[in-house]
Amino acid sequence: MFYMVRNRLFATVNTKPCPYNCIYCFTKCDNFRKNISIDSLSNRQLYEMTKDVDIIQPACDTEFLLHPQWKEILLRLATLNKNISFATKMSIKDDDIVFLQNINKLLKLNKKILNIGVTIIKIDEYRELEPNAPTPQMRIDTLKKLSDAGISTNVIMRPIFPNLTFKEIDNILKITHNYSEGYLVGPLYINNAVSKYLQNINCSVKIEKTSPGWNQYEGLDVIYSHEIMTYIAEMAAKYKKQVFFSNEQCVLYIKEKLFGGENSD
């Protein structure tokens with residue numbers, strides 16, 4: 001089975017367990033539902049599953065660039081004439097930046113884009129949340145290299161932890177705004193590691209329920225930090241940058257900016 005929300009295909013790839021071990025990973029939530037493995041599909045299956053969508057998210061729940069055949073997968077997806085969007089924390093090598101640049105050029109021939117979001121949720125004390133991930137500076141370097149290569153980028157500031165300070169938000173935006181179309185924000189999904197962390201810092205929160213499409217509409221416990229998201233939006237506006245609440249919003253904004261929107265297709 002595969003899952004679409006409006007015009008998006010949510011998928012995953014078969015990889016070894018992610019080495020970054022981020023405490024907030026929603027794959028550690030009790031009700032997490034894995035999506036279809038896009039690398040296991042034939043070309044015909046890929047075509048059938050994507051013919052009615054405009055955006056492919058090939059790895060909603062893992063680091064796509066850790067797959068040993070990620071280049072081959074991306075080439076296959078590029079032939080489908082769809083927008084492709086994924087997130088990364090990787091420090092991407094220069095040769096791989098060139099490969100991604102060429103994929104983006106190929107997609108742009110048909111007024112489609114490659115959108116890559118770089119996840120930076122904290123700079124100070126990030127190891128508490130992302131113990132094995134590349135440093136924020138390495139990710140900022142990746143963001144800059146992608147942007148310089150003409151690839152549409154955004155900074156993923158989700159999940160938002162309720163103890164994220166305005167000072168740190170100011171710092172992240174100051175460092176990244178020249179290399180990003182905007183900032184993708186979103187809630188914090190609750191798992192055991194997140195609960196323990198919040199208890200350790202004595203952070204009192206309101207837990208709500210949500211049923212996101214990428215989780216096949218299964219319910220998850222979640223924390224929304226509305227005041228922090230509002231502040232990010234206000235600060236982003238000062239840099240004339242957008243705030244997005246989904247990959248779909250980000251892709252559609254960039255497409256309209258580049259090509260004039262859907263009416264130009």
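Student: How many disulfides does the count come to here?

Tutor: Keep in mind that this is a predicted model. A disulfide is a covalent bond between the sulfur atoms of two cysteines. With a cut-off of 2.5 Å between the sulfurs, the count comes to 0.

Student: Take cysteine 22: which cysteine sulfur is closest to it?

Tutor: Cysteine 22 counts as buried, at 7% relative accessibility. Its sulfur is 6.2 Å from the closest cysteine sulfur, too far for a bond. That closest sulfur belongs to cysteine 18.

Student: And cysteine 25, how far away is the nearest cysteine sulfur?

Tutor: Cysteine 25 is partly exposed, with 23% relative accessibility. It takes part in no disulfide. The nearest cysteine sulfur is that of cysteine 18, and the distance is 6.8 Å.

Student: On to the rings. Is the pair of tryptophan 70 and phenylalanine 99 stacked or edge-to-face?

Tutor: A pair of aromatic rings is described by the distance of the centres and the angle of the planes. Here the centres are 5.5 Å apart and the planes meet at 85°. Planes over 60 degrees apart fall in one class, so this pair is edge-to-face.

Student: How many residues apart in sequence are the parts that this pair, tryptophan 70 and phenylalanine 99, ties together?

Tutor: Both partners are buried: tryptophan 70 at 7% relative accessibility and phenylalanine 99 at 16%. Tryptophan 70 sits in helix H2 (residues 70-78), while phenylalanine 99 sits in helix H3 (residues 94-108). The parts tied together are therefore 29 residues apart in sequence.

Student: Which residue lies over the face of phenylalanine 99?

Tutor: Look along the normal of that ring for a charge, within 6 Å of the centre. You'll find one at 5.4 Å from the ring centre of phenylalanine 99, and it comes from lysine 71.

Student: What about phenylalanine 166 and tyrosine 231: which helices does that pair link?

Tutor: Their rings are stacked, 3.9 Å centre to centre with 0° between the planes. Phenylalanine 166 is partly exposed at 32%, whereas tyrosine 231 is buried at 13%. The two residues are 65 apart, and the helices are H5 (residues 166-176) and H7 (residues 226-238).

Student: Last one: which element gives the largest share of the largest nonpolar core?

Tutor: That core has 67 residues, and Leu74, Phe86 and Ile232 are among those touching the most other members. Leucine 74, for instance, touches Phe64, Phe99 and Ile103, among others. The largest share is 6 residues, and it comes from H7.

Notes: Residues are numbered from 1 along each chain as its sequence is written. This is a predicted model: local features need pLDDT of at least 70, side-chain atom pairs count only at pLDDT 80 or more; totals for chains, interfaces and linings use all residues. Side-chain values use heavy atoms; hydrogens and water are left out. Rings of Phe, Tyr and Trp (its six-membered ring) pair if their centres lie within 6.5 Å; planes under 30 degrees apart count as stacked, over 60 as edge-to-face and the rest as tilted. Helices (H or I, at least four residues) and strands (E, at least two) are DSSP runs, numbered from the N terminus. Buried means under 20% relative accessible area, exposed over 50%, partly exposed in between (1.4 Å probe, protein chains only). A charge sits over a ring if NZ of Lys or CZ of Arg is within 6 Å of the ring centre and within 35 degrees of the ring normal. A nonpolar core is a set of buried Ala, Val, Leu, Ile, Met, Phe, Trp, Tyr and Cys residues joined through side-chain atoms within 4.5 Å. Contact means heavy atoms within 4.5 Å. Lists of a residue's contacts leave out its neighbours within four places in sequence.
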